[in-house]
Amino acid sequence: MYQSKSVNQIINETNVSHTTAYRKIKWLLEENLLIVDKIQITEEGKKSSFFRTILKSFNVKYEYNSVIIEAEQNVDTLRKVHKTSFH
């Protein structure tokens, strides 16, 4: 949330498989819940993307047969998106 992370960093922190990580990241990007914060070229010449979340936190409640979702936006990410989109 506070810094961008590569897929490998996310895999190491969450212990999910590579296949699952790439599939979930692709879905989160398509749903605009993640952004590509930066792209670096490795020493081997490969492209490495770093991702950042759009949401800072969210809370899901079930009350009286209703699902209530409250979310707080990650303002730092939104500022960066706004700055790169309009400058």
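Reply: We can begin with a term: on a 1 Å grid over the protein atoms alone, a pocket is an open set of points with protein on both sides within 12 Å along at least five of seven lines, whereas a cavity is a set of points where a 1.4 Å probe fits but cannot get out, and lining residues have an atom within 4 Å of a point. Grid points are joined across faces, edges and corners, and a volume is the space filled by probe spheres set on the points. Read in this way, the second largest pocket holds about 220 Å³ of space. This is a predicted model, in which local features need pLDDT of at least 70 and side-chain atom pairs count only at pLDDT 80 or more, while totals for chains, interfaces and linings use all residues. Residues are numbered from 1 along each chain as its sequence is written, and side-chain values use heavy atoms, with hydrogens and water left out.

Me: Which residues line the second largest pocket?

Reply: The lining consists of Ser6, Val7, Asn8, Tyr22, Gln40, Ile41, Thr42, Lys47, Ser48, Ser49 and Phe50. H1, strand E2 (34–41) and E3 are the elements that give two or more residues to this lining, where helices (H or I, at least four residues) and strands (E, at least two) are DSSP runs numbered from the N terminus. E3 gives the most, with 4 residues.

Me: How many residues line the largest pocket?

Reply: The largest pocket has a lining of 16 residues, and Lys5, Ile10, Thr14, Leu28 and Leu34 are those nearest its centre. Its space comes to about 370 Å³. Helix H1 (7–14), helix H2 (18–30) and strand E3 (47–53) each supply at least two residues of the lining, and H2 gives the most, with 5 residues. By class there are 8 nonpolar, 4 polar and 4 charged residues in this lining, where Ala, Val, Leu, Ile, Met, Phe, Trp, Tyr, Cys and Pro count as nonpolar, Asp, Glu, Lys and Arg as charged, and the others, Gly among them, as polar.

Me: What is the phi of Asn15, and where is Asn15 found?

Reply: As a general idea, most residues other than glycine have a negative phi. Phi of Asn15, however, is near 60 degrees, a positive value, and Asn15 is found in the loop between H1 and H2. Phi of Asn32 is also positive, near 60 degrees, and the place of Asn32 is in the loop between H2 and E2.

Me: Why does Asn15 count as exposed?

Reply: Buried means under 20% relative accessible area, exposed over 50%, and partly exposed in between (1.4 Å probe, protein chains only). Asn15 counts as exposed because its relative accessibility is 67%, and Asn32 counts as exposed because its relative accessibility is 58%.
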